[in-house]
Amino acid sequence: MGLATVLAQLAAVVVALHLLALATVVGRDGLAGAPGRVRANLRRVAPTLGLLVVVLAVNGVVRDVGVEISWLIGVNVTGAIHALEGGLVARLQSVAAPPLTAFFSAVYVFGYAFLVTFPVVAYLACEDDRPIRTLLVAYAINYALGLVCYVLFISYGPRNVTPEAVRSLLYTNWPQAQLLTGRVNRNTNVFPSLHTSLSVTVALVARRYRDIFPRWYPAAVALAASIAVSTMYLGIHWATDVVGGAALAAVAVAVGVTAAEAAAESGPALGDSPTGVVDRVAAWIRR
Amino acid sequence: MRRLRAASGWESVSPVSIGIATLPADADPYALRVAQSVAGWFRAAGLRVTVTPVAPEELYRRVLIRNDFDAFVGRLPARLREPDGLYALLHSRFGSEPGWQNPFGYANFDVDERLTEARAATGETRSEALAAVQHGVARTQPFSLVAFPDAVRAVRGDRFAGWTRRDYRSPLGYLALDASPERTDRAADAGAIDEPTETAAVTADEPSTLRVVVTDRRPTENLNPLAAEFRWSGVLTGLLYDRLGHETASGRVEPWLADGWEFERVDGRPRARVRLRDDLAWHDDEPVTAADVAFTYALLSDVTLGRTDEAAETATESEAAVAAPRFRGRSSLVADAEALDRLTVEIRFVDCTAEVATRALAVPVVPEHVWRGRTGSASVGGVDFGAASEALVTNNVPPVGSGPFAFGRNVPGDRLVLERDDDHFLADAAPADLPGDVDGLPPYERVDVTVVGADETAVSMVASGDADVTGTAVGAETIPRIGRSEPVDLVVGRSASPYVVGYNARRPPLTNPRFRNTLGHLLDRRALVDDVFEGYAWPAASPLAGTDLVPPDLRFEDGHPVTPFLGSDGTVDAAAARETFREAGYEYDDGTLVERD
């Protein structure tokens, strides 16, 4: 029941959710001829994908070093956030009940993993390349700005600040989950909430391109909202982090949309030459 | 103009604010909750208080090394079973030294004198001196003692036996573990049937590895026995580095790396001849010699070795001496140490009794051939950091020790693997010569330390069979989880390491003993024990509580005998608290405690 088990559970659940969503959201018609479109889209967004991979790789390397730098130069904003919002999270937790805890724990781990991966698959399979480009650029912006914030701000979440009022519901309910989240997060990095920002990003992109997958939009919004609430309900994030995350998502999607539209306007002969500001940056990085 | 001069002497008042630094809930199950409660009581008395959670390494760096704090909530290290531990903790001569020696900057003539007296006295005189120290500390509150917690651990009795009544803050506790009798029976049965089964049993689940799960990542990153901010109990570095003698549960120091020692008095001071065991070797196969021991004492008293070369074989009196921040109480007992021959070292002590002097033998011995090169000043990217010697800054990975376990590998923040050294003297030492219950090398060949982020996770790792013991003590709130799990046993032992609210007596108004005394009155220790520790702790008034050295009038019975709580049932009587502060010379402005600048 170590990390491997948790990962296996996660993979199984996410794959199952993907299959379910492919059947209901994309549908039989949408899947017809999908492999060809996926290949075409992959070619066209390859530079953007490269950018995201670079950002993720930098993130992976810098995250640990970032914590050290953070203690040297960062500002400990824990007290300020606590003073700003007081017992908001504690009040939210006052409705805690085992079914709710189970639901939000599942949403926080499985729902989130599904929510951020499914649109990548779905948008790759559609005709238009703007949704996938928007999404990938927005993800990259989220991670890049998130990392900057994590270095600049040291902040502990409510479960680590007011343990007398806020319980660490996720780990109390499902201790092994910490093996997974401990890989991804450090407990000093709570502002902003990347769980929230990436979820809201998906929801915003789903809203913009709701004509393509009409069923995905309400599902994405509901799931994103649940995830945002779950981060607070489980005692992991402050409301401030969630607001910060949503703001980050808005910025990231705005940049993503601009990049995607710029790429689309630069002509139908997409893909042969990297276009758009971000793609040019990506190309420069790759050079 | 005269009016201006006369008026300028009268300066305005400013509110008293105190920042309490403490560990986040992930790192310590109780500290933050104690800090929040204490902050609430201080606020009720009109102080401005902030509580800031800080990661362990950073907290200890601030408190112990930089002295950059107002107050902290944390634990004192468990050196207090032996009363001489108080000397380093409270003597004002250590006020400016980094480490666990007087991090409070506490200076009290009377306490200093009594501490010095207790080192050299015996019998009645010593008890009286120690009683005076305890009274002085209880009254002037360099730290407000909260409680001695129970060390709660989840262990698996089906793989190893002998978990109970062990001290897991000492390597001896781990070294004395036995293979579980159930398991030995099973292995023996399997072997009796035929050979293939035996080999299968060995590969399948023979307990060749002791799997320890901890919530403290520091030992996976740093194994420097001298780095105060990275060490807590020092149990892992204790497996890597042998000491001349080991402190046992009774508080006595018994020979370990040493074969034995003899004390004599020369010029009224103790002198010891310590003989090492034969054929000792470092993990890099160099021999362990008396010169290493002499070097260790020189290094502990001055990590720069006077910043000189071969001439500084022993401790120098140089002004620039920087004592190692750990083992300071012990190293301060040693005047100098000299190797007489390959296996004999002569240690001359300062004025103290032989009993106290023996404590100085319980320090880890480090290899001269590795550490001599670390006495220069530490540099980062070519920039020298003057006072910090490389010996204090190095991560010391991989470490070269002489202990029963050698370094295997580490993944910083994640894992540490130690491998048994089968050439260690434990392999063929007679059990009668060994301290504690240690009777030879332990049955496991490897110690595998895994880091997790939370107590619940640590317990669930033990419950699911992925670990044998929670190496760091877990919070009382995990006890139901331990109880629910069939193969997991609960081990509860009384810890000698109390929770305290430590004050920085270098900063006004905490410089004022009367002010600290009043803060001491604002702690409802009984309520903390009931609410925060869920009853798994003992409130105390003396850091020596639990020993027979506590005078009767310092026993914590219905309340704190010296600074009883100003209030009841966890609620501060604000009027009484304010009155006490006013009596101490402080004023209130609109309900806020103020001081004149």
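**Helix 10, chain A**

I started with how enclosed helix 10 of chain A is in this predicted model. I found 12 of its 15 residues buried, so the helix is largely enclosed by the rest of the structure. The cut-off I applied for buried is under 20% relative accessible area. The buried set includes Leu194(A), His195(A), Thr196(A), Val205(A) and Ala206(A). I then looked up what covers these residues. The cover includes helix 5 (98–124), helix 6 (130–152), helix 11 (216–233) and helix 12 (239–265) of chain A. I also checked the length of helix 10 of chain A, residues 194–208. The helix reaches 21 Å from first C-alpha to last, close to the 21 Å expected at 1.5 Å a residue.

I looked at Pro192(A), in the loop between helix 9 (177–184) and helix 10 of chain A. Phe191(A) and Pro192(A) are joined by a cis peptide bond, with omega about -10 degrees.

**Interface of chains A and B**

I asked how many residues each chain puts into the contact. Chain B gives 24 residues and chain A gives 22 residues. The buried area is about 2,000 Å², and carbon and sulfur atoms give 50% of that. Asp26(B), Gln36(B) and Pro53(B) supply 21% of the area that chain B buries against chain A, more than any other three residues. I searched the interface for salt bridges, and the rule finds one. Asp26(B) and Arg159(A) meet there through their side chains, at 2.7 Å from N to O.

**Sheet in chain B**

I traced an open sheet of four strands in chain B, ordered 11-12-14-13, with antiparallel pairing. Strand 11 (258–266) and strand 13 (334–339) are the edges, each pairing on one side only. Neighbouring strands are turned by 20 degrees against each other on average, direction ignored. Strand 13 and strand 14 (residues 344–349) pair over five bridges. Ala339(B) has Val345(B) as its bridge partner in strand 14. Helix 12 (residues 290–301) of chain B lies across strands 12, 13 and 14, at about 155 degrees to strand 13.

**Backbone checks, chain B**

Most residues other than glycine have a negative phi, and most peptide bonds are trans. I listed some exceptions.

- Phe327(B) has phi near 60 degrees. I place Phe327(B) in the loop between helix 12 and helix 13 (328–331) of chain B. At 5% relative accessibility, Phe327(B) counts as buried.
- Glu534(B) has a positive phi of about 50 degrees. Glu534(B) is partly exposed, with a relative accessible area of 40%.

Notes. Residues numbered from 1 in each chain as written. Chains lettered and ligands numbered in written order. Predicted model: local features only at pLDDT ≥ 70, side-chain atom pairs only at ≥ 80, totals over all residues. Heavy atoms only, no water. Pairing = 2+ DSSP bridges. Helix = DSSP H or I, 4+ residues; strand = E, 2+ residues; numbered from the N terminus. Axes fitted to C-alpha atoms, helices over the stretch in contact; angles between N-to-C directions. Contact = heavy atoms within 4.5 Å. Expected span 1.5 Å × (residues − 1). Buried < 20%, exposed > 50% of the residue type's maximum accessible area, 1.4 Å probe, protein only. Buried area = accessible area lost by both parts, 1.4 Å probe. Salt bridge = Lys/Arg side-chain N within 4 Å of Asp/Glu carboxyl O.
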